Amino acid sequence: MSSPPATGVPILRLGDVLVTGLLNELDDEAALRFTSELMERIATEGARGVLIDISRLEIIDSFVARTLMELTTTARLLGARVIVAGMRPPVAITLAELGLQLTGVETALNAEQGMAALGWHQSPAPPGEVRHDRRR
Amino acid sequence: MTGAGESGGTTVLGDAERRAANGEAAARPVTYAVRSEQDLLTVRHAVRAATRRAGFSIVDQTRVVTAASELARNAYVHGGGGALTIDYPTRRDAVGLRLTVTDDGPGIDDVPTALADGYTTGNGLGHGLGGARRLMDEFDIRTEVGGGTTVTATRWAVR
């Protein structure tokens with residue numbers, strides 16, 4: 001069996017966290033492919049957390065909401081915690097009016113806070129010291 | 001690609017059409033096919049552009065595009081495909097955007113149940129029709145078992 005066509009959505013790994021995002025242009029089939037690709041990555045790489053940035057999404061309809069909920073449930077069954085980050089305020093307002101609460105889906109205001117919730121912390125610059133980029 | 005065949009040649013727009021296309025005069029209704037996944041994306045983009053043309057706020061834009069997505073998906077999934085028409089009704093105090101979504105599907109047997117939250121026969125969350133109704137100011141369903149479904153939904157933006 002050949003592998004499914006790639007969705008074109010990059011899934012990056014930072015330690016035991018997978019970082020990815022949803023694009024506005026994702027159609028229904030691409031959303032389903034994305035879900036199976038992500039689950040495959042969780043399983044093969046032993047990821048404990050998944051951050052999904054949705055700041056590019058201009059709308060969330062009931063199909064996308066269902067995709068996010070199922071993806072969260074499936075990831076949890078594989079031992080990974082999902083955080084959906086960066087929902088635009090108009091999208092949040094519309095979702096609430098639609099009656100969709102994304103039950104069971106953890107959210108964060110932005111990717112940075114989502115990563116912090118998954119245990120990634122920005123190391124603070126040492127006070128009074130010039131900060132050097134670590135190269136080589 | 002289907003449906004694009006006719007547009008292979010150059011379409012010459014008259015002055016009025018060009019103004020309408022730019023939203024400078026009362027724009028004419030435009031109808032889009034809803035027969036594929038790709039059509040659902042096309043419809044979303046078209047409705048988004050229409051809400052901008054009508055001068056809707058970003059939240060109203062999001063409401064209308066989301067409602068259009070729900071209605072178009074209903075027509076595609078349950079109605080076996082159909083069409084979505086965008087037009088711009090006007091009131092003295094408001095500009096409107098009206099979505100008319102038709103399909104030739106089996107029709108809806110029990111409209112109140114279909115509008116109830118949580119009722120689903122497909123792969124959504126059962127919030128499609130009822131949710132779309134809440135996102136729009138006016139909402140009307142005409143359906144007949146075996147005779148297809150037409151949903152008309154309008155959102156007004158007070159000037």
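# Reading a predicted two-chain model

Colleague: In what order do the elements of chain B run from the N terminus on?

Modeller: This is a predicted model, and the secondary structure of its chain B comes to five helices and five strands. Read from the N terminus on, the elements of chain B follow the order α-β-α-α-β-β-α-α-β-β.

Colleague: Which strands stand at the edges of the open sheet in chain B?

Modeller: The open sheet of chain B has five strands with antiparallel pairing, in the order E1-E2-E3-E5-E4. A strand at the edge has a single partner strand, so one side of it is left without a neighbour in the sheet, and in chain B this holds for strand E1 (30-34) and E4.

Colleague: By what angle are neighbouring strands of this sheet turned against each other on average?

Modeller: The sheet in question is the open one of chain B, with the order E1-E2-E3-E5-E4. With direction ignored, its neighbouring strands are turned against each other on average by 15°.

Colleague: Which residue in the turn of the hairpin formed by E4(B) and E5(B) has a positive phi?

Modeller: Strand E4 (residues 138-143) and strand E5 (residues 149-158) of chain B pair in the antiparallel sense over six bridges, and B:Thr143 stands opposite B:Thr149 in E5(B). The hairpin has five residues between its two strands, and the one in the turn with a positive phi, of about 85°, is B:Gly146.

Colleague: Which residue in E3(B) stands opposite B:Ile86?

Modeller: Another antiparallel pair in chain B is made by strand E2 (residues 82-87) and strand E3 (residues 94-103), which are joined over six bridges. Within E3(B), the residue that stands opposite B:Ile86 is B:Leu99.

Colleague: How far apart are the end C-alpha atoms of helix H2 of chain A?

Modeller: Helix H2 of chain A has 16 residues (residues 62-77), and at 1.5 Å a residue these should span 22 Å. The model agrees with that expectation, because the end C-alpha atoms of this helix are apart by 22 Å.

Colleague: Which elements of chain B are included in what covers the buried residues of H2(A)?

Modeller: The buried residues of H2(A) include A:Phe63, A:Val64, A:Leu68 and A:Leu71. From chain A, their cover includes helix H1 (28-45), strand E3 (49-53), strand E4 (81-85) and helix H3 (89-98). From chain B, the cover includes helix H3 (58-77) and helix H5 (128-135).

Colleague: Which element gives the most to the side of chain A that touches chain B?

Modeller: Between the chains, 19 residues of chain A are in contact with 22 residues of chain B. On the chain A side, the elements that give two or more residues are H1, H2 and H3 of chain A. With six residues, the element that gives the most to this side is H3(A).

Conventions
Residues numbered from 1 in each chain as written. Chains lettered and ligands numbered in written order. Predicted model: local features only at pLDDT ≥ 70, side-chain atom pairs only at ≥ 80, totals over all residues. Helix = DSSP H or I, 4+ residues; strand = E, 2+ residues; numbered from the N terminus. Expected span 1.5 Å × (residues − 1). Buried ≥ 20, exposed ≤ 12 C-beta atoms within 10 Å, placed from the backbone. Contact = placed C-beta atoms within 7 Å. Pairing = 2+ DSSP bridges. Axes fitted to C-alpha atoms, helices over the stretch in contact; angles between N-to-C directions.
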